[in-house]
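Dear colleague,

Please find the structure below, handed over for your use.

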Amino acid sequence: RARFNWRSIQVRVSGAFVLFLLISLTLGLFGIWELGQLNRVSALVRDRWLESTRLLGDLNNFTSDYRAAEASYLLSATPAERSEIDHELAELDGQVARAQQDYQALPHDSAERRLYRSFSASWSAYKRVASQVLDHARAGRLAAGRDLYLSGSRRTYDGASNALGFL
């Protein structure tokens, strides 16, 4: 009858192999779990934060282009230039509205919603003043339009831009 010898080299090598296999399996399962966690976090970044940041960047570009078009209207010399800028302003207005709508469709926490409402209210206030600037220019009151552009329009645009920057 054979006796089992715990001190034999075969038993020790087999034990070491089983131990190594268990450690490898445990580390592999832990690694797979960690990769799953990383995937969930990266999906959150991809689906929420990157899209949100892209839309805020679009809003920043479109709103600053709108302000530049407002200035261009004041500087335009011909009816054809004014007509082209009117078309540009309408296009930019639509782009801002679409970016705002897309941004609002994303999930946001209460702080983001509060900051967005601040931006939206500031942007609406700016648009009212910018409309007055353009009305002055259309009526041939360029000095009044320029004065409003440099005062009220600048203040309200800066407020909207700052609110967007905080957001």
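Thr78 sits in the loop that links helix H1 (9-75) to H2; helices here are DSSP runs (H or I, at least four residues), numbered from the N terminus. The model is a predicted one, in which local features need pLDDT of at least 70 and side-chain atom pairs count only at pLDDT 80 or more, while totals for chains, interfaces and linings use all residues. Residues are numbered from 1 along each chain as its sequence is written, and side-chain values use heavy atoms, with hydrogens and water left out.

Thr78 has 33% relative accessibility and therefore counts as partly exposed; buried means under 20% relative accessible area, exposed over 50%, and partly exposed in between (1.4 Å probe, protein chains only). From Thr78 to Gly140 the sequence separation is 62 residues, and their C-alpha atoms are 12 Å apart.

Helix H2 covers residues 79-105, which makes 27 residues. Its first and last C-alpha atoms are 39 Å apart, close to the 39 Å expected at 1.5 Å a residue; the expected span is 1.5 Å times one less than the number of residues. The buried residues of H2 are Ile85, Leu89, Leu92, Val96, Ala99, Gln100 and Tyr103. Leu89 has 5% relative accessibility, so it counts as buried. Arg98 and Asp58 are 40 residues apart in sequence, with a C-alpha to C-alpha distance of 10.0 Å.

Two packed helices are described by the angle between their axes and the distance between the axes. For helix H3 (residues 110-138) and helix H4 (residues 142-166), the angle is about 165° and the axes are 8 Å apart. Axes are lines fitted to C-alpha atoms, for helices over the stretch in contact, and angles run from 0 to 180 degrees between N-to-C directions. H3 and H4 are therefore roughly antiparallel, a term used for angles over 145 degrees. The contact of H3 with H4 comprises 17 nonpolar, nine polar and no charged residues; Ala, Val, Leu, Ile, Met, Phe, Trp, Tyr, Cys and Pro count as nonpolar, Asp, Glu, Lys and Arg as charged, and the others, Gly among them, as polar.

In H4 there is a kink of about 40°, centred on Tyr149, where the bend is the angle between axes fitted to the seven residues ending there and the seven starting there. Tyr149 is also one of the buried residues of H4, which include Gly145, Leu148 and Ala160. Ala160 counts as buried because its relative accessibility is 1%. The C-alpha atoms of Ala160 and Ser122 are separated by 4.6 Å, although the two residues are 38 apart along the chain.

With kind regards

Definitions and conventions: Helix = DSSP H or I, 4+ residues; strand = E, 2+ residues; numbered from the N terminus. Parallel < 35°, antiparallel > 145°, perpendicular 65-115°, else oblique.
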